[in-house]
Amino acid sequence: MFRSFQTKLILFSWLLFVGVEVVTFTLVQNVIRTNILEQARNELVVTKRVVDSRITSTVDTLAEGSAILARDFGFRQAVASDDRPTIRSALHNLGARYRADRMLLVSLENKVLVDTGTMADAVESGNFVTVGKPGAPFAYPEMIENAEADGRAAATTTLDNRIYQLVVVPILAPDPIAWIVVAMERGNLFASDLQHSSTVPVEITEAIRENGAWKTTATTLPAETAADFLTSLPEKIEPQPAPYTVRLHDADYVTLTAALAGPSGTSQVHAILQYSLDDAYAPYRRLNIFLLLVAGAALALSLLGSVLIARRIAGPIRTLDLAAQRIYAGRYDEKVTVHQNDEIGRLSETFNRMMEGIAEREERIAFQARHDASSGLPNRISFEGHVADMIAARQKMPAAAGQVFSVILVQIGRFSELNNTLGHDTGEQLIRKVAKNLQRLVPQTNAVARHSNNMFALVLDISDGREVQAAVTRILDLFDKPFTLAGLAIDITAVVGEARHPEHGTTARALIQHADTAIFEAKRRGANCALYNPELDPHKPERLSVMGELRQGLDEGQFRLYYQPKIDIARGAITAVEALIRWMHPKHGFMPPDSFIPLAEQTGNIRKLTDWVLGAAVRQARAWADKGIDVKIACNLSARDLSNRELPGDIGNLLDAHGVAPSALILEITESAVMQDPTHALEVLAQLHRMGLTLSIDDYGTGYSSMAYLKRLPVHEIKIDKSFVLNLASNRGDAILVKSTIELGHALGLKVTAEGIEDEESLKILSVYGCGTGQGYFISKPIPAEDFETFYAVSRWSPRAGQGPGSRGPIAAAGE
């Protein structure tokens with residue numbers, strides 16, 4: 001509900017206005033309350049002055065009237081003669097004239113001579129005061145003293161449990177002969193009279209504290225409020241110079257308290273003035289109602305204004321939001337239509353320009369993402385998509401599902417050399433020329449692409465294999481003539497690989513991968529083109545799965561070593577064996593080395609195999625030495641093994657751990673393995689040579705056969721490849737090569753071993769040529785260790801026929 005920008009904007013602006021209204025109304029109310037409170041306090045102060053003035057005026061009037069009576073000659077005579085009826089009559093007349101509630105005549109001895117508060121007078125006047133006893137002492141002699149000193153005395157005090165305003169005046173003749181006391185009761189009538197004389201509705205209360213409790217002697221408060229007020233009073237009222245606020249009966253009163261002057265030693269009378277704030281607020285209630293009505297109308301108008309403003313602002317923003325969503329979805333055709341001459345209008349114009357710019361950039365990026373920058377041809381991704389579209393189109397049409405087309409990869413040779421020699425600009429120039437030539441041969445759209453750095457991809461929608469071969473020939477013919485690059489005529493070679501749909505794959509990626517494999521096969525055979533052959537594919541999934549099983553096989557003991565005997569041809573006795581690994585696969589059964597060693601070399605698992613072979617061979621050497629079988633064991637090393645600088649140390653530790661002499665181990669290496677990384681290989685071979693290990697060049701004659709490397713290699717023997725020995729008796733050319741190789745080895749101080757001896761005649765020829773060691777099926781095929789032990793003991797090649805009990809070989813010597 002509150003997710004839209006328009007709703008949020010309406011709520012924000014309206015709530016902001018509401019907040020301003022609330023704050024304004026609150027401030028106005030606080031100002032009114034402050035003013036009312038201040039006004040009430042000021043009114044109380046003024047009222048207190050009025051009350052004080054009224055009391056002072058009353059005291060002056062009573063004192064003046066009493067003084068007149070005191071100066072009356074007849075009254076003084078009556079006092080002097082103790083004419084009490086006359087005195088009482090005169091006092092009654094004076095009290096009636098000034099509305100006094102009680103008149104007393106006090107002697108110089110401070111005795112009450114006359115008190116008008118008799119029961120009859122009280123009933124007659126309606127004043128139910130308790131009558132005092134004549135002759136009793138006057139309760140406030142301090143006032144007599146003040147009157148004698150000042151001519152009069154006045155005080156507010158209690159008399160017979162009622163509060164009176166007392167005035168004392170002397171009767172002089174010329175010295176004081178008695179005292180007139182005028183008492184005016186301060187009751188509810190007096191309080192009401194004072195209230196009416198005030199300009200504001202002030203509540204007046206007079207209270208005294210007696211016997212631990214407060215009681216009112218006069219109040220204008222309602223009875224319930226007066227009761228609450230008494231309970232709220234503290235035990236002692238401290239003087240309050242300024243008004244304060246109290247709450248009585250759910251109403252607030254501004255209160256001002258004052259202690260009235262009275263005789264010492266008597267309960268002090270407190271006058272309490274109160275102004276009801278409800279009464280003070282009364283004139284402002286209509287104003288508040290008016291303000292609330294104005295605020296309500298303003299809120300309604302502000303809500304309407306917020307909606308209108310929000311729509312005007314949020315409408316264009318919603319339009320821009322929809323435009324942004326179209327941009328996110330890749331749709332740039334619909335423009336933003338906002339007709340405003342403000343910032344939002346300019347923003348919409350910017351949006352339109354941005355969409356145009358994004359559309360242009362995306363078009364350019366899309367082209368660049370699917371095309372090669374140098375040649376302008378489609379790239380590998382685009383080509384793969386094109387081939388996938390061709391396959392999908394055939395799948396939608398059952399009649400064309402099996403229709404053949406070919407994917408061709410063309411790899412340019414010597415491209416890296418060209419870049420390194422003449423620079424990358426020249427290399428890119430060659431790419432552009434080849435691209436143009438290929439496009440002329442295959443002009444169909446997206447049929448030619450640049451697959452990678454030095455490789456082009458083509459798709460030939462041709463089902464006839466002869467036409468495809470003719471097209472491949474025309475492609476290769478493009479490279480028959482030199483290319484003119486950087487002012488030079490440069491010969492460029494190319495290799496072509498072909499894969500056919502659906503025979504060689506039903507996906508674009510599979511076809512391209514298989515065409516790449518065909519190039520690899522063509523280069524391996526030294527040809528310039530090849531058609532994909534699944535049987536020759538080193539990357540088949542089933543072959544890759546073998547690598548995972550190989551690691552498992554090593555852990556589970558599925559591998560075994562077979563040993564093929566080697567004999568000293570001159571003596572006809574066994575002197576060594578070659579350790580050959582065999583895999584007893586639990587699923588596939590016996591697996592020859594050619595089925596897994598090449599893959600192990602490609603994936604790096606060959607080192608694990610080498611470690612296992614060396615460990616098993618050294619352990620077997622130790623076991624045979626303990627049985628008196630004295631033979632050397634030859635193990636094969638790969639190119640990856642020769643790049644392992646830790647190999648010499650590992651072999652040394654292995655020999656030391658089993659007590660086998662280094663001379664008991666022969667390490668066979670191929671020329672091609674050395675040539676892959678000559679520097680590292682020579683370093684490793686030199687360390688092995690210094691350790692006393694016998695080093696042998698395996699398959700001699702099939703690799704580079706470099707005389708320079710043969711001189712540099714720290715080897716002890718060369719091993720003639722079996723391809724030259726198999727037909728030694730029947731092929732004169734092989735015989736010449738074998739003889740010259742044996743003579744060359746002897747000239748270099750190397751021993752010579754011939755493998756592949758299949759018959760006795762070949763063995764005799766090798767003996768005539770002076771070959772030192774022989775190996776082949778004529779002597780024995782590779783056999784398990786336990787079979788070799790029997791073969792070693794009973795075969796015609798057993799050395800024991802010519803050995804005495806004390807004879808020794810290298811393994812026996814190492815065991816001592």
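My entries follow, one topic at a time.

**Ground rules.** I am reading a predicted model, where local features need pLDDT of at least 70, side-chain atom pairs count only at pLDDT 80 or more, and totals for chains, interfaces and linings use all residues. Residues are numbered from 1 along each chain as its sequence is written, and side-chain values use heavy atoms, with hydrogens and water left out.

**Helix pair.** I looked up H19 (residues 647–658) and H21 (residues 678–690); their axes (lines fitted to C-alpha atoms over the stretch in contact) come within 9 Å and cross at roughly 25 degrees. H19 and H21 are therefore roughly parallel (angles under 35 degrees). I then checked which residues make the contact (heavy atoms within 4.5 Å). H19 gives Leu647, Pro648 and Ile651, and H21 gives Val684, Gln687 and Leu688. By class, I noted five nonpolar, one polar and no charged residues.

**Helix H14.** H14 covers residues 508–525. At 1.5 Å a residue, its 18 residues should span 26 Å, and the end C-alpha atoms are 26 Å apart, which agrees. Just after H14, Gly526 takes a positive phi of about 80 degrees.

**Thr694.** Is Thr694 buried or exposed? Thr694 is buried, with a relative accessible area of 13%. I found Thr694 in strand E23 (residues 694–700). Not counting residues up to four places away in sequence, Thr694 touches Lys632, Ser663, Leu665, Ile666, Leu667 and His716.

Methods:
Axes fitted to C-alpha atoms, helices over the stretch in contact; angles between N-to-C directions. Helix = DSSP H or I, 4+ residues; strand = E, 2+ residues; numbered from the N terminus. Parallel < 35°, antiparallel > 145°, perpendicular 65-115°, else oblique. Nonpolar A, V, L, I, M, F, W, Y, C, P; charged D, E, K, R; others polar. Expected span 1.5 Å × (residues − 1). Buried < 20%, exposed > 50% of the residue type's maximum accessible area, 1.4 Å probe, protein only.
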